[in-house]
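Please have the viewer open as I go.

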Amino acid sequence: LVLVAWAVVFVGLGWFGARKLMGLTHNAFDPPPGTPSALALDKMNSDFKGFDINATDLVFIQAPDGSKVFDNNLLLSITQATASYLSVRLDSDLFHHLSVSGFYSANASGPAAAAAAFVNPANTSSFLSLQYPKADTQHYGLAFQDLGTHLSQCCSSSAQFVGVGGTAVGVVETIQSATKSIERMDQISLPIAFVVLALS
């Protein structure tokens, strides 16, 4: 009887604690501050207020001052470069399950309003949506991180800013940041441990 009472109390406290914990947590994912992904998402938030940046990974494109994303085929070039790079960087199965959506794909398959949602009102910035099976988040994150580097190198002269941000890239950047932190901790703690061992 005592065991049953303890079990009821334990389950009750566990249920209460779990509900309290769920209220304090969320499934939004923020990349480490100062990373390329964080910068891209900050710019996206600035130009597309209200867009749920946790819903997809994205490529953010900003035209040079005084220009539009349609000038000199900037948006079209980056759209094509993105699809071309990922078709080579990802294996065929991962690429097959990837969806790259943007102004041009929406314009070809739906109403003008759907395409317009991919460009800010001033036509100075745009984005591509990268959607993928969540089970392969880390694989896509590594590819998207490489894509960001590739686009920065190939398009920096024609765009004011181009970057990749979102959950997949954020996961990779967080793992890399944590790994670097652990390595720095090891560099500090190991010598101290050897000194302590030597003195004891």
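What you see is a predicted model, and I begin with the helix α7, because five residues, the largest share of the lining of the largest pocket, come from α7 by the DSSP assignment. That helix spans 137–155, and it is joined by α2 (36–47), β4 (161–165) and α8 (167–199), each of these four elements supplying at least two residues of the lining. In total the largest pocket is lined by 13 residues, and those that lie nearest its centre are P36, G148, T149, S152 and V164.

Now to the cysteines. How many disulfides does a search of the whole structure find? The search of the whole structure finds zero. For C154, the nearest cysteine sulfur is that of C155, at 3.1 Å, and C154 is in no disulfide. C155 is likewise in no disulfide, its nearest cysteine sulfur being that of C154, 3.1 Å away. The reasoning here rests on the cut-off, because a disulfide is counted for a pair of cysteine sulfur atoms within 2.5 Å.

C154 is partly exposed, with a relative accessible area of 38%, whereas C155 is buried, with a relative accessible area of 6%.

Technical notes. Residues are numbered from 1 along each chain as its sequence is written. This is a predicted model: local features need pLDDT of at least 70, side-chain atom pairs count only at pLDDT 80 or more; totals for chains, interfaces and linings use all residues. Side-chain values use heavy atoms; hydrogens and water are left out. On a 1 Å grid over the protein atoms alone, a cavity is a set of points where a 1.4 Å probe fits but cannot get out, and a pocket is an open set with protein on both sides within 12 Å along at least five of seven lines; lining residues have an atom within 4 Å of a point. Buried means under 20% relative accessible area, exposed over 50%, partly exposed in between (1.4 Å probe, protein chains only).
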